[in-house]
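The following exercises concern the structure shown below.

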Amino acid sequence: EQLSLSLQAKSETERRAKEFLRDMISDISHQLKTPLAALTMYMEIMAEEAWREETVRRFTKKSMQSLERMEQLILSLLKMARLDTGNIVFEKRQCYVEEVVSEAVGELSERAAREGKRILREGQPEEKICCDLVWTKEVLANLVKNALDHTEAGGTIRILWRRSPALLQISVADDGCGILPEDIHHIFKRFYQSRQASDRQGVGLGLFLAKKIVEEQGGSLSVESRPGEGSVFRISFPLSS
């Protein structure tokens, strides 16, 4: 009986591994089709009109954007695979929230200034959070980037952290276009992109990965939004974590 149970468990593990591999291959091939097709088309245009400097310059820029999209997609898929298979060990420790926020914002401050947007921070400098600094920083950076993507020039992104009796909460708020009611319940799904994001270079994995990373550390990620009034994403970690 024990041997039978052991064989059944092994068979189930192998089945899940095969299903995971099949789904990953399907995801990769499906998601790479669009940027690869675009890249092929751009190369053909440049080959046919190599004598036109403006055409070559324009489609070289488009080609670089497609390559960046592919790189972003592949890196995101690899992270997703590591998370799904449990190959990531989160090294949680007490970190100053201000440090996490500062490292997350990083180069995004330059982008905000270039686009005429502001990133404001507010919170007690002595507040700490128990988390994996590297992965939590990535989550925050993703939320700030997402806010910048959906905010027009002159807009503001506010990062606020506060302590309650049970939680340490970090919020990323913007005054951008907001999220449509029909999208709000789907934005954390893998590869989901709203109609509002159809003209942007995202791959539909950022928010999925952000939620997964936070939840794997014992926290939660939620969102509130109204069309035309902006969005607020909230990361919450229990103080005992």
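**Exercise 1: Surroundings of Ser236**

Leaving aside residues up to four places away in sequence, Ser236 touches Leu167, Leu168, Gln169, Gly219 and Ser220, where contact means heavy atoms within 4.5 Å. This is a predicted model: local features need pLDDT of at least 70, side-chain atom pairs count only at pLDDT 80 or more, and totals for chains, interfaces and linings use all residues. Residues are numbered from 1 along each chain as its sequence is written, and side-chain values use heavy atoms, with hydrogens and water left out.

Task: determine in which strand Ser236 is found and whether Ser236 is buried or exposed.

Step 1. Ser236 lies in strand β7 (residues 230-238); strands (E, at least two residues) and helices (H or I, at least four) are DSSP runs, numbered from the N terminus.

Step 2. With a relative accessible area of 8%, Ser236 is buried (buried is under 20%, exposed over 50%, partly exposed in between; 1.4 Å probe, protein chains only).

**Exercise 2: Helix α3**

Task: identify the buried residues of helix α3 (residues 97-105) and state on which side they lie.

Step 1. The buried residues of α3 are Val97, Val100, Val101, Ala104 and Val105.

Step 2. These residues lie on the same side of α3 because they cover an arc of only 120° around the axis, taken from the directions from the helix axis to the C-beta atoms.

Step 3. After α3 comes Gly106, with a positive phi near 35°.
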